[in-house]
Amino acid sequence: MSPRGYNRRSGSFKTKRLALSAVLCALSVVILGFGAVLEVMDITTTMLASLLLLPIILCYGNGYAFMAYAVTGVLSVILMPHSFAPWMYLGLAGYYPMVKKQFDRLPKVLAILLKVLLVLAALVVYFIAFYLIMMHGAGSLSDAFILAFGEEGDQSWLGWTAVALAFIAFFAYDLLIDRLLVLYRYRWQQRVEKWMK
């Protein structure tokens, strides 16, 4: 006899949701691992890993998606603390698919402004973390900026170029999510929901 208040069908659905979310978390960590090994692809792998949250958001809602984001982010930072990809996932790309829907409900100009502020905040947090953790708070902030966004010995213009490229990559990623959602609704929805539910 089943415990009082327990629905066997509901329990099996929850177990399946957790299992599928865990599989997508593991796959995301593996993709972020490629970003740690192939440093030239760290932004690409970060965005690919965060796109794996889309099926969870669409089929299970933001609760499961936030759980998957937290597990993936924490695991990848623990396993690859010196790589840029896990920190970028944890600081911006991982949770962005969940907040994008809220931003896109606002007037277009306000939505764009909020997205720019979000990227700026993520870059500032990354810069401060780099300065405190990697440089131990020593040296000038201009040196930290060059080291955080460029390479040692390079001029500051390379750092500003990296920041500009971060904005371009972010808005390309934002557009990619929109296109994937359209493709999902018209082509993949029935197949994905049949597999996920």
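A cavity, as meant here, is a set of grid points where a 1.4 Å probe fits but cannot get out. Keep that in mind as we look around this model, which is a predicted one.

Let's start inside. Searching the whole structure turns up 1 cavity of 30 Å³ or more, and the volume of the largest cavity is about 30 Å³. Who lines this space? The residues around the largest cavity are Leu24, Cys25, Ser28, Ala49, Leu52, Leu53, Ile56, Ala68, Thr72 and Tyr89. Two or more of the lining residues come from each of α1 (8-37), α3 (53-60) and α4, with α1 giving the largest share, 3 residues.

Now for the rings. A pair of aromatic rings is described by the distance of the centres and the angle of the planes. The structure has 7 aromatic pairs. Take Tyr69 and Tyr95: their ring centres are 5.9 Å apart and their planes sit at 80 degrees, so this pair is edge-to-face. The pair links distant parts of the chain, as Tyr69 is in helix α4 while Tyr95 is in the loop between α5 (84-93) and α6 (96-104), 26 residues apart. Both tyrosines, Tyr69 and Tyr95, are buried. Ring pairs also tie Phe66, Tyr69, Tyr89 and Tyr95 into a cluster, and Tyr89 is one of the residues lining the cavity as well.

Key. Residues are numbered from 1 along each chain as its sequence is written. This is a predicted model: local features need pLDDT of at least 70, side-chain atom pairs count only at pLDDT 80 or more; totals for chains, interfaces and linings use all residues. Side-chain values use heavy atoms; hydrogens and water are left out. Rings of Phe, Tyr and Trp (its six-membered ring) pair if their centres lie within 6.5 Å; planes under 30 degrees apart count as stacked, over 60 as edge-to-face and the rest as tilted. Helices (H or I, at least four residues) and strands (E, at least two) are DSSP runs, numbered from the N terminus. Buried means under 20% relative accessible area, exposed over 50%, partly exposed in between (1.4 Å probe, protein chains only). On a 1 Å grid over the protein atoms alone, a cavity is a set of points where a 1.4 Å probe fits but cannot get out, and a pocket is an open set with protein on both sides within 12 Å along at least five of seven lines; lining residues have an atom within 4 Å of a point. Grid points are joined across faces, edges and corners, and a volume is the space filled by probe spheres set on the points.
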